[in-house]
Every structure is written in C-alpha cells, then in structure tokens.
Amino acid sequence: MIAATALVAPLVATALLVSVTAHAQTPPAATSCKAQATEKKLHGAALTSFMKKCETDAQAACDASAAEKKLAGAAKASFTKKCVGDAVGQ
C-alpha cells in the first residue's frame, strides 16, 4: 500500500504543476473595440468615430505583428484579417 502511494504522489504533483504552468502561460484576453464602446456607452457619431480609430489602430498593430512573424501573401492576409476581426470584436 505504501509503494502505491509513493508512486501516485509524484504523479499528482507533476499533473498539478503542468496544469498551473499551462494556465499561467495563457495570455489574458484583450478587450475588443466593441466591448470598449459598450463599456463607454458610445452611440451615434461618437461610436462611429471610436470604432473607425480602433479598427485603424488594430490594422496597424496586426500589420506590424505579421511583419514580425515574416508572413507574406495569403498567410499575411489571413492572419491580418483574423487579428483585426478579433481586436474589433467581429
């Protein structure tokens, strides 16, 4: 009985360590433009202006990220489209 406990304890500790490490490496979700606009209770022209600026900023950031990853062609277009969509909240 003691031998079985001695084998199980390290396995449990390892599994716990792996799950905590994996959780710690997960980046926090960035707040999307839509969520920010809702939080700020924007409507009409203010909403339109905010969303346009936010999308422009997201496009620039995503283009820079694609360049950093050395993406080109269809891979760059696909990455940028998803990146901007996620940032805007589509």
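The legends below describe views of a predicted model.

**View 1. Overall fold of the protein chain.** The chain contains 4 helices and 0 strands, arranged from the N terminus as α-α-α-α. Helices (H or I, at least four residues) and strands (E, at least two) are DSSP runs, numbered from the N terminus. Of the 90 residues, 14% are buried, meaning under 20% relative accessible area, with exposed over 50% and partly exposed in between (1.4 Å probe, protein chains only).

**View 2. The disulfide between cysteine 33 and cysteine 54.** The bond links distant parts of the chain, with cysteine 33 in helix α2 (residues 33-39) and cysteine 54 in helix α3 (residues 44-68), 21 residues apart. Cysteine 33 and cysteine 54 are both buried.

**View 3. The disulfide between cysteine 62 and cysteine 83.** The sulfur atoms lie 2.0 Å apart. Cysteine 62 belongs to helix α3 and cysteine 83 to helix α4 (residues 73-88), 21 residues apart. Because the torsion about the S-S bond is about -75°, this disulfide is left-handed. Cysteine 62 counts as buried at 2% relative accessibility, whereas cysteine 83 is partly exposed, with a relative accessible area of 22%.

**Notes.** Residues are numbered from 1 along each chain as its sequence is written. Local features need pLDDT of at least 70, side-chain atom pairs count only at pLDDT 80 or more, and totals for chains, interfaces and linings use all residues, while side-chain values use heavy atoms, leaving out hydrogens and water.

Note on methods: Disulfide = S-S within 2.5 Å.
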